[in-house]
Amino acid sequence: MILKRRLWAAYRGFRSPERLVSLAAVKRMKQADEERQAWQQEAPRWERIATIACDALQEAGVTGGQMLEIGGRLNPRQAEFPAFEYHALDLEDAPDAGVQVAVGDITNCPHIPDESYDFIFSLDVFEHIDKPWLAAQEIQRLLKPGGVTMHSTLFSWRYHPCPIDYWRYSAEGLKSLFDGLECLHADFDFSERRRDLRGRDGNLIDCDAIGGWRENVRVNYAGRKPLR
Ligand SMILES: C[S@@+](CC[C@H](N)C(=O)[O-])C[C@H]1O[C@@H](n2cnc3c(N)ncnc32)[C@H](O)[C@@H]1O
């Protein structure tokens, strides 16, 4: 009787799901491992974003002028666009930013005249704007006719308040926000989908076998204001 129970327990252990690894699962794990490493073969993030911005500027024939970076108090990009006179607008001041930051809210900036800028740019800002539809209206008002705007934000990434985390976007969502512009680019960027950022910037959430927090997808939009 005891022997029969022991044999039965051994059989159950042998069949347990934790023990069984099917060929399909092995294949998936191998694929996950390859995906986890794949982002290292891609061009660095800033290079990918700068390429989209520069292509859009070139396509629109914008070679210089006034540039506004929204959310420019952290990592301002003035050096990346040397042909432009750079201005930064942010909710918060940053005396050590290395650029002069005008404190203001892009959803409501009536003090900035219409058609002030040739190029309006933001990186990792739109997910932090409480009312992005108002920001898009203001950006369209602030652009000169023929001017270009580019925004790089997130389709999927973990919650990261700075100062508050409100939204995620699809490429179509960004196009819809900027419906008064001619779209030059609206697409997802999957390059860093499985990037493993454990331990960076105080990220304490454990990765899973696939890397990242399952999904890390960027989305980029560039548009041109029609000429009158
Ligand atoms: C995650 S940080 C990104 C900063 C920088 N572009 C970078 O790549 O590191 C988001 C910035 O957007 C600013 N921000 C959020 N909402 C804003 C708004 N409505 N108007 C202007 N700036 C805003 C925040 O204060 C913050 O500095």
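This note sets out points on the fold, the core, the ligand surroundings and selected residues of a predicted model.

1. The sheet. The model contains an open sheet of seven strands, in the order β3-β2-β1-β4-β5-β7-β6, and the pairing within the sheet is mixed. The edge strands are β3 (101-103) and β6 (182-189), each of which pairs on one side only. From one strand to the next, the twist averages 20 degrees.

2. Strands β1 and β2 pair in the parallel sense over six bridges. Strand β2 (residues 84-90) is in turn joined to β3 by three bridges, and these two strands also run parallel. Particular positions can be followed across the strands: Glu-69 stands opposite Ala-88 in β2, and Ala-88 stands opposite Val-101 in β3.

3. Burial of β2. Strand β2 is largely enclosed by the rest of the structure, because six of its seven residues are buried.

4. Helices against the sheet. Helix α3 (45-60) packs on the sheet, where it touches β4 (117-123), β5 (143-156), β6 and β7 (217-224). The direction of α3 makes about 155 degrees with that of β5. Helix α4 (residues 132-142) lies across β1 (65-70), β4 and β5, and runs at about 150 degrees to β5.

5. The nonpolar core. The largest nonpolar core has 37 residues, of which Ala-53, Met-67, Leu-68, Tyr-117, Phe-119, Ile-120 and Met-150 touch the most other members. At least two residues of this core come from each of α3, β1, β2, β4, α4, β5, α5 (171-177) and β7. The element that gives the most is β4, with five residues.

6. Phe-119 within the core. Which residues is Phe-119 in contact with, leaving aside its neighbours within four places in sequence? They are Leu-57, Val-62, Gly-65, Met-67, Phe-84, Gly-147 and Val-148. One of these, Met-67, is listed together with Phe-119 among the core residues that touch the most other members.

7. Tyr-221. This residue has its place in strand β7. Is Tyr-221 buried or exposed? Tyr-221 counts as buried because 28 C-beta neighbours lie inside 10 Å, where 20 or more are required. Beyond four places in sequence, its contacts are Met-150, His-151, Ala-171, Leu-174, Lys-175, Phe-178, His-185 and Ala-186. Tyr-221 and Ser-152 are 69 residues apart in sequence, yet their C-alpha atoms are 6.4 Å apart in space.

8. Pro-44. In contrast to the buried position of Tyr-221, Pro-44 counts as exposed, because it has 10 C-beta neighbours inside 10 Å and the limit for this class is 12 or fewer. Pro-44 is found in the loop between α2 (23-38) and α3. Its C-alpha atom is separated by 9.3 Å from that of Ser-191, which is 147 residues away along the chain.

9. The ligand shell. The ligand is surrounded by 19 residues, and the closest are Gly-71, Leu-74, Asn-75, Ile-106 and Cys-162. By class, the residues of the shell divide into 10 nonpolar, four polar and five charged.

10. The cis peptide bond. Cys-162, one of the residues closest to the ligand, is joined to Pro-163 by a cis peptide bond with omega of about -5 degrees. Pro-163 is found in the loop between β5 and α5. Most residues other than glycine have a negative phi, and most peptide bonds are trans.

11. Positive phi values. Glu-115 has a positive phi, near 55 degrees, and lies in the loop between β3 and β4. Asp-124 also has a positive phi, near 60 degrees, and is found in the loop between β4 and α4. How many C-beta neighbours inside 10 Å does Glu-115 have? It has 15, and therefore counts as partly exposed. Asp-124, with 19 such neighbours, likewise counts as partly exposed, because 20 or more would be needed for a buried residue.

Key
Residues are numbered from 1 along each chain as its sequence is written. This is a predicted model: local features need pLDDT of at least 70, side-chain atom pairs count only at pLDDT 80 or more; totals for chains, interfaces and linings use all residues. A residue is near a molecule or strand if its C-beta atom, placed from the backbone, lies within 6 Å of it. Ala, Val, Leu, Ile, Met, Phe, Trp, Tyr, Cys and Pro count as nonpolar, Asp, Glu, Lys and Arg as charged, and the others, Gly among them, as polar. Helices (H or I, at least four residues) and strands (E, at least two) are DSSP runs, numbered from the N terminus. Two strands pair if DSSP finds at least two bridges between them. Axes are lines fitted to C-alpha atoms, for helices over the stretch in contact, and angles run from 0 to 180 degrees between N-to-C directions. Two residues are in contact if their C-beta atoms, placed from the backbone, lie within 7 Å. A nonpolar core is a set of buried Ala, Val, Leu, Ile, Met, Phe, Trp, Tyr and Cys residues joined through C-beta atoms within 7 Å.
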